[in-house]
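Dear colleague,

I am handing over the structure below, and my notes on its side-chain contacts follow it. Please read them alongside the model.

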Amino acid sequence: MPIPTRHREHIAELCGGQLIVTCDRDRCLLIYPEPTWLEVEARINAMPRANAFARNMQRMLVGNAMPVEMDSAHRILIKPMHRDYARIDRKVVLIGQDNKFELWDDAVYQKKLGDWGIPEGGTEAAPADESMATFQW
């Protein structure tokens with residue numbers, strides 16, 4: 001999967017193309033620059049293990065985190081276990097979310113838009129840049 005052009009230079013400077021992919025409870029994947037992930041991971045691991053919510057967050061996010069490297073063509077390889085979890089088929093949506101990306105199967109994302117009260121195809125109201133991009137897998 002290619003990283004959008006507008007983010008490539010920043011990712012290269014920030015982490016040398018070293019990224020972390022993990023699972024999110026919404027059935028999408030989260031993609032963090034490695035230094036950002038290390039901060040997130042430390043906060044998650046500092047949560048009290050006696051708390052069931054904290055344990056589940058640790059299991060979901062930390063337990064499924066895997067490093068990936070952006071190649072010379074600015075692509076990353078999403079592992080089969082992550083593709084299976086997010087139900088990624090062929091068409092995906094990559095959304096920039098502050099310090100990370102969310103990677104969604106397009107069909108799952110379109111359903112979520114409806115669940116969130118946004119009409120299907122509601123992405124046309126998004127800014128005309130690469131902060132949200134749809135790719136063929």
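**Side-chain contacts**

Aspartate 71 and arginine 75 form a salt bridge, in which the closest N and O atoms are 3.0 Å apart (the term requires a side-chain nitrogen of Lys or Arg within 4 Å of a carboxyl oxygen of Asp or Glu). A search of the whole structure finds one such bridge. Aspartate 71, at 31% relative accessibility, counts as partly exposed, and arginine 75, at 44%, also counts as partly exposed; buried means under 20% relative accessible area, exposed over 50%, and partly exposed in between, with a 1.4 Å probe and protein chains only.

This is a predicted model, in which local features need pLDDT of at least 70 and side-chain atom pairs count only at pLDDT 80 or more, whereas totals for chains, interfaces and linings use all residues. Residues are numbered from 1 along each chain as its sequence is written, and side-chain values use heavy atoms, with hydrogens and water left out.

Arginine 27 lies over the face of tyrosine 85, 4.4 Å from the ring centre (a charge sits over a ring if NZ of Lys or CZ of Arg is within 6 Å of the ring centre and within 35 degrees of the ring normal).

The structure holds zero disulfides, a disulfide being a pair of cysteine sulfur atoms within 2.5 Å. For cysteine 23, the closest cysteine sulfur belongs to cysteine 28 and is 9.1 Å away, too far for a bond. Cysteine 23 is buried, with a relative accessible area of 2%, and cysteine 15 is buried at 10%.
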